Amino acid sequence: MKSSAPTILIVEDQPLLLLHVQFALEDAGYVVIQAASADEALIALQRHPEIQAVFTDVAMPGSLDGAALAARIHQTHPHVAVLVTSGEQSYMPDGLPEGVHFVPKPYAGHDVIRLLTQQLAWSHHAASDWKAMGRPIRYP
């Protein structure tokens, strides 16, 4: 049986942080898929077209960091909402694509849930509007 709950991809290489946000999202009713790197995340996006949002850390191993992953998702999966997080004091989220939101660490699970809920509602509303007008879907 297919779940009607939104599916969220969490991209985090620190296991304790991953579990913290995973449990918060699952408690809120989301289905969670995990990836430990941007490379794994790109594979997950291909294998799981039901993914509606990605929550990614900036600093992680692999060929891309979280900011580059956000840009790639914005280009290749414009219907997927993206939240980016970082605990680095020097990180400036100015270079993130339009519509990608930044959540500084430390964060509370309820803050991530609130932002994801808002992003998913906006994405669904925008997709309906664009489809109704017979136009391709574009997200800010």
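Buried means under 20% relative accessible area, exposed means over 50%, and partly exposed lies in between, with a 1.4 Å probe and protein chains only as cover. The model is predicted, so local features need pLDDT of at least 70 and side-chain atom pairs count only at pLDDT 80 or more, while totals for chains, interfaces and linings use all residues. Residues are numbered from 1 along each chain as its sequence is written, and side-chain values use heavy atoms, with hydrogens and water left out.

Q: Is Phe-55 buried or exposed?
A: The relative accessible area of Phe-55 is 2%. Since buried means under 20%, Phe-55 is buried.

Q: How is the pair of Phe-55 and Tyr-107 classed?
A: Rings of Phe, Tyr and Trp (its six-membered ring) pair if their centres lie within 6.5 Å, and planes under 30 degrees apart count as stacked, over 60 as edge-to-face and the rest as tilted. The ring centres of Phe-55 and Tyr-107 are 5.4 Å apart and their planes stand at 85°, so the pair is edge-to-face.

Q: How many residues apart in sequence are the parts that Phe-55 and Tyr-107 tie together?
A: Helices (H or I, at least four residues) and strands (E, at least two) are DSSP runs, numbered from the N terminus. Phe-55 lies in strand S3, whereas Tyr-107 lies in the loop between strand S5 (101-104) and helix H4 (109-132). The pair therefore ties together parts whose separation in sequence is 52 residues.

Q: Is Phe-102 buried, partly exposed or exposed?
A: Phe-102 forms an aromatic pair with Tyr-91 that is tilted, at 5.5 Å centre to centre and 35° between the planes. Tyr-91 counts as buried because its relative accessibility is 17%. Phe-102, at 25% relative accessibility, counts as partly exposed.

Q: Is Leu-16 buried or exposed?
A: Leu-16 lies in helix H1 (residues 15-27). With a relative accessibility of 73%, Leu-16 counts as exposed.
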